Amino acid sequence: MLSPDIQAALRQALQLAERAVGLTDPNPRVGCVLLAADGRPLGMGHTQAAGQAHAEVMALRDAAAQGHDVRGATAIVTLEPCSHHGRTPPCCDALIQAGVARVVVAVEDPNPQVAGQGIDRLRAAGVEVQLADADSAAASRELNIGFFSRMQRGRPFVRLKSAISLDGRTALPDGRSQWITGEAARADGHVWRRRAGAVLTGIGTVLADDPRMDVRLVPTARQPLRVVLDPHGRMPPGARMLQPPGETRVIGPGRADLPALLAGLGAQGINELHVEAGPTLSGAFLDAGLVDELLIYQAPLLIGEGRPLAALQPLAGLDLASRWRLVEATPVGQDLRLRLRPT
């Protein structure tokens with residue numbers, strides 16, 4: 001049973017980890033809090049950009065800057081301290097050298113290069129290691145859902161975003177869709193774009209809307225990679241998606257193999273893939289069973305004839321329909337944000 005001090009520190013460490021969204025990719029989002037034996041906070045931090053300090057090192061630096069001695073302290077960390085040399089040295093070694101007595105870990109690292117080895121190394125050095133409660137573990141996994149997907153499945157977590165009317169339309173018959181949802185929902189959509197390592201769309205959306213597909217309505221430390229599927233080489237050289245900020249990759253000609261595409265993005269360190277596309281490409285992802293989450297903004301308006309969310313293959317019966325469970329339903333301005341995952 002974790003003490004109230006440790007439970008409070010776990011919540012704080014998870015809040016710190018959230019600050020790493022849009023910063024740490026391809027590394028996971030991790031927070032760390034150091035507590036003295038009497039429960040006093042000594043230092044805290046979260047993982048920085050790839051190649052820079054991890055959460056544990058940031059917390060140790062914070063403690064040192066305040067003149068605190070961390071020998072005998074407890075480190076509360078939202079993900080198992082790494083045990084391998086990557087861009088930075090192993091975090092478990094930094095904790096051992098600092099003299100901490102105990103480490104509380106929210107969840108084990110799914111990276112095969114770690115996968116319990118960090119915990120083993122800490123215990124071998126005489127450091128007590130305790131796994132946190134199931135709720136803290138679930139919160140850390142959720143915050144790093146793309147990292148877990150890439151480590152365990154070899155591909156990103158795919159989130160398909162769409163803005164629809166009450167009658168399920170994403171655009172008028174001629175393709176006009178600006179704007180179905182209000183300003184608050186559009187800004188909220190950029191919050192979810194910021195989570196992603198890459199944002200993907202099809203050439204049809206580029207030709208119809210000339211979107212930028214960057215993150216600009218909320219602050220971000222980095223821009224996701226923009227990916228355009230263009231099987232027939234129709235990408236206009238002056239398209240806004242080709243302009244800064246951020247990088248753009250155009251895939252084509254030739255029809256993209258979606259599973260191979262996801263595997264390739266995973267191999268390049270993409271944890272979360274944010275898909276914003278028209279009905280044809282959205283339907284292809286859904287028909288292939290490659291969507292891990294639907295992010296739907298539903299506006300309180302009726303359009304009538306128009307374009308659907310996805311052009312799906314016809315079903316022989318309702319029993320063959322793909323079924324989804326509601327994860328969240330939250331008002332955003334005048335619109336409703338829905339998140340759903342396959343049952």
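Trainee: By class, how many nonpolar, polar and charged residues does the lining of the largest pocket have?

Mentor: The lining of the largest pocket has 21 nonpolar, 15 polar and 11 charged residues; Ala, Val, Leu, Ile, Met, Phe, Trp, Tyr, Cys and Pro count as nonpolar, Asp, Glu, Lys and Arg as charged, and the others, Gly among them, as polar. The model is predicted, so local features need pLDDT of at least 70 and side-chain atom pairs pLDDT 80 or more, while totals for chains, interfaces and linings use all residues. Residues are numbered from 1 along each chain as its sequence is written, and side-chain values use heavy atoms, with hydrogens and water left out.

The pocket holds about 1300 Å³ of space. Here a pocket is an open set of points on a 1 Å grid over the protein atoms alone, with protein on both sides within 12 Å along at least five of seven lines, whereas a cavity is a set where a 1.4 Å probe fits but cannot get out; lining residues have an atom within 4 Å of a point. Points are joined across faces, edges and corners, and a volume is the space filled by probe spheres set on them.

In total, 47 residues line the largest pocket, and T205, D209, E276, A277 and G278 lie nearest its centre. At least two lining residues come from each of β6 (157–164), β7 (169–171), α7 (183–195), α8 (203–209), α10 (279–287) and β13 (307–308). These elements are DSSP runs numbered from the N terminus: helices are H or I of at least four residues, strands E of at least two.

The largest cavity has a volume of about 30 Å³, and its lining includes D25, R29, L143, F147 and E272. Helix α6 (residues 145–153) gives the largest share of that lining, three residues. By class, the cavity lining has four nonpolar, four polar and three charged residues.

Helix α1 (residues 4–18) packs with helix α5 (residues 134–143) at about 0°, their axes 11 Å apart; axes are lines fitted to C-alpha atoms over the stretch in contact, and angles run from 0 to 180 degrees between N-to-C directions. That makes α1 roughly parallel to α5, a term for angles under 35 degrees. L10, L14, A17 and E18 of α1 meet S136, A139, S140 and L143 of α5, where contact means heavy atoms within 4.5 Å.

Conventions:
Parallel < 35°, antiparallel > 145°, perpendicular 65-115°, else oblique.
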